[in-house]
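Dear colleague,

Please find below the structure that I am handing over to you. My notes on what was found in it follow directly after.

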Amino acid sequence: MSFSSVRNPPPFLDSEDQEPEYDTRELDSDDGEDIFTGSETDPTTDIFSEEGSFTVEKNHPPAKTNGVQSDEELDLFAEATVELTLTTPNSRGRKEIIGPTGPLSTTMKLEEEESGDTFELNIAVTNPEKMGDGMNAYMTYKVSTQTTLPAFHIKTFSVRRRFSDFLGLYEKLSVKHHLMGCIIPPPPQKSVVGMTKVKVGKEDPSSAEFVEKRRAALERYLQRVVAHPALLQDSDVQEFLEREELPRAVNTQALSGSGFLKMINKASDAVNKMTIKMNESDNWFESKLQEVENEEQLLRRLHASVDSLVNHRKEMCINTAMFAKSVAMLGSSEENSALSRALSQLAEVEDKLEQLHQEQAFSDFFILTELLADYVRLLGAVRVRNSLFYGTLLKYTFCCSWQRWQEAQATLQKKREAEAKLLWANKPDKLQQAKEDLTEWEAKVGQCERDFERISSTLRKEVHRFEKEKCRDFKHHIVKYLESLLRSQHRVVKCWEAFLPEAKAIV
Amino acid sequence: MRSVSVDLNNDSSLLIDIPDALCERDKVKFTVHTKTTLNSFQKPEFSVPRQHEDFIWLHDTLVETEEYAGLIIPPAPPKPDFEGPREKMHKLGEGESTMTKEEYAKMKQELEAEYLAVFKKTVQVHEIFLQRLSSHPVFSKDRNFQIFLEYDQDLSVRRKNAKEFFGGFFKNMVKSADEVLISGIKDVDEFFEQEKTFLLDYFSKIKDATAKAEKMTRSHKNVADDYIHISATVILHTGVPRKVEGRVASDQELKLTELLRYYMRDIQAAKDLLYRRARALADYENSNKALDKARLKSKDIPQAEENQRQCLQKFDKLSESGKQELTSFKGRRVVAFRKNLIEMAELEIKHAKVRIKSAVCSEHNLFTHN
């Protein structure tokens, strides 16, 4: 993993209580230790900050500028896209709003706020190309970015990436952001079968379909990543978009199946073992988790229904085509010439309808099915001990930070007692030490409390943001679907209207 | 459904309809209602309950009446078939626990509509059978037809007797006479030769078209059912496309498939007429041969001559009425197709427009909601 090698995280401001061993290799190993003990490392980027520490990951939204934070609470724009706040010293209090991405052709226009500028970033994934031969072959995709963000050196650029690069990006992001309570969009899944077909070089429609599915999924993945304000500013994301050659991401095993499962098992165990009761903010959390679970169920069912719809529509296409042929035969056999003409017209109409059904099936699939599949995954398709992956992950983060706070408080209490004892025992030099100790721990407790609050607040905002994003995503896709339905229905009307006079002409 | 066979029930001297029917488990009981000005009936208006088997009995007696050999016997109505919706109901019941309440309610509603559609269809098909008889100059006077309409007792006794008497022997002979027609003996009469060629070819084509149409409407129904599941599950409003898809599926079913199915059976009936005529021709040719043999042996010549004369007479009668029947059949078929195709096209347009409207509406709703 390239995480630890590229940058040296600066010492964090209050990092005395930094938990030990974030060993990135453990993501891959089978019995990793307590993997999520907060790495509060904070890779700075040179892109935005000047002197100030660029702490978007940690302070999202930023707690340092309180005025900004309160604005964040209000949902100022009904149709708002994504808000991003930077805490560079120059731009403190200034908001820059970056919209969600769409394909290069359709740019979604953004809202302005206060004195803020608007920036755009559009991403498209295109041009799949096969490189190499045989079993070592792989597909690369062109990732094109078009942006007005100052973070990037040029406005339009593209790079070629392969699938494992996308997985590698996810790994890096999840390492950094999961602990903050962010919901990171997962990448499309690996598929041994699909890829093998492609590698072997079968030029059949199913492997073309596979590549297309994957291309579209990768595009959606990137679009979701950059729609997330914290991730957009992430250097790994920017590097992914910009840099010519990426070091090869190895060990992307962890991302599919068993690696994740093991991580989550550990987290789930740890949560269950926590005996410290949480306060009432837990209720919000619990009920949210429940909502998410219910929704996941719903989406799964919906996905199954839409899948069935696609199949049945395809079947209908075949049957309509056969019927059209049959009617044509009947028409040719018919002795009444006007009726014969009408019947062959009917055959043509049915043929056209079949084409329309085909297209509709295609749109059913790509618009609805893939969207649903995405969200089933986003909500955490990996279910472990009957809880969702993300739910467990977030809960774990939440509980850990709570626990740290409680433990710090407990230690503080002990120190106070120790101080009191020393006071009583009248040992002035030790007393001084004890007093210093106490101050130190009071600060720690304060920090833990702030951390907890921050994480708690981040979590809520993340969930809120996610829900908004999801709503918008669904709406957008359903509108697209309705539009495609509209288009095809107009054509259906035209077909039948052309047929009607022929039918009326029968004598 | 009316448009399957037009110009029925116009003659007010004998008006027949099936105003209602009861479905008891497997059996359907039709109420056959007659209004007549004819003296041959005891009352001017009356109703009787009849089962599907009674219709079959009536049809069979007509087929087996020698006198009607030169006529196209209207095809018997098919047995009421509730198997499809019944099976679906069963499956729905089993799957109830896996669905939301809304989904279940919608599916149930849809199935009930399907059931009702099958029911309506079977009533109409039985009704049309009777109406074809009543509007035919010869059949309307048939004694058995009158009994069917009037007899206020159960017909099952008569049914049993008929079966024993005829034993379906006649019918079997007709069926296996397919070879007689196809065997390629060219008919002297141009009209019948053409008819034979046309009907044989047309029959196989229409049979194929009917099968394909049924498959198509079935998969259309599947798509409609999927939409039900989806719309019941989805939080946003996509309800209307489902309803319209469902209705389109059943409209297509009614119009096109029923038309094809009906005419497939009707053409089979026309073919039957040709068989009978072909057999009469064969009989005539045999009687000729018999007469020659008799003349050679100088034995039983008058019987042979009489036989030959009768065969010729029968054949001529068959040919004459056959020609008439087949000609009017052509006309009837073309008219029915025309009406049907027009209605179907108009319905398709109507429904497509409704779908467009509802899609626009849904889109609008999405924008004005959250």
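Chain A has an accessible surface of about 23400 Å², and 52% of that area belongs to carbon and sulfur atoms (Shrake-Rupley method with a 1.4 Å probe; for residues, only the protein chains shown count as cover). This is a predicted model, in which local features need pLDDT of at least 70 and side-chain atom pairs count only at pLDDT 80 or more, while totals for chains, interfaces and linings use all residues. Residues are numbered from 1 along each chain as its sequence is written, chains are lettered from A and ligands numbered from 1 in the order in which they are written, and side-chain values use heavy atoms, with hydrogens and water left out.

Chain A

The chain has 12 helices and eight strands (DSSP runs, numbered from the N terminus: H or I of at least four residues for helices, E of at least two for strands). Of the 507 residues in chain A, 55% are buried (buried means under 20% relative accessible area, exposed over 50%, partly exposed in between, with a 1.4 Å probe and protein chains only). Among the contacts in chain A with a separation of 6 or more, 69% come from residues 24 or more positions apart (contact means heavy atoms within 4.5 Å).

The interface

In the interface, 48 residues of chain A are in contact with 56 residues of chain B. The two chains bury about 4900 Å² between them, with 71% of this on carbon and sulfur atoms (the accessible area, 1.4 Å probe, that two parts lose on being put together, summed over both). Between the chains, 14 residue pairs are in polar contact, both residues being at pLDDT 80 or more (a pair of N or O atoms within 3.5 Å; within protein, one must be able to donate a hydrogen and the other to accept it, and residues adjacent in sequence count only if both atoms are side-chain atoms). On the side of chain B that touches chain A, helix 8 (190–233), helix 9 (239–297) and helix 10 (301–368) of chain B each supply at least two residues. Helix 10 of chain B gives the most, with 22 residues. This side of chain B divides into 28 nonpolar, 11 polar and 17 charged residues (Ala, Val, Leu, Ile, Met, Phe, Trp, Tyr, Cys and Pro count as nonpolar, Asp, Glu, Lys and Arg as charged, and the others, Gly among them, as polar).

Salt bridges

Over all chains the count is 32 salt bridges (a side-chain nitrogen of Lys or Arg within 4 Å of a carboxyl oxygen of Asp or Glu), and three salt bridges are found across the interface of chain B and chain A. One of these joins B:R333 and A:E334 at 2.5 Å, N to O. The pair runs from helix 10 of chain B to the loop between helix 9 (281–333) and helix 10 (337–378) of chain A. B:R333 is buried at 1% relative accessibility, and A:E334 is buried at 5%. A salt bridge also links A:E497 and B:K353 (3.6 Å, N to O).

Within chain B, B:R295 and B:E305 form a salt bridge at 3.2 Å, N to O. B:R295 lies in helix 9 and B:E305 in helix 10 of chain B, so the pair ties together parts that are 10 residues apart in sequence. Both residues are partly exposed, B:R295 at 44% and B:E305 at 36%. Salt bridges that share partners also join B:K121, B:E214, B:E258 and B:R261 into one network.

Within chain A, A:E212 and A:R215 meet in a salt bridge at 3.2 Å, N to O. Both lie in helix 5 (residues 205–227) of chain A, three residues apart, about one turn of the helix. A:E212 is partly exposed at 31%, whereas A:R215 is buried at 16%.

With kind regards
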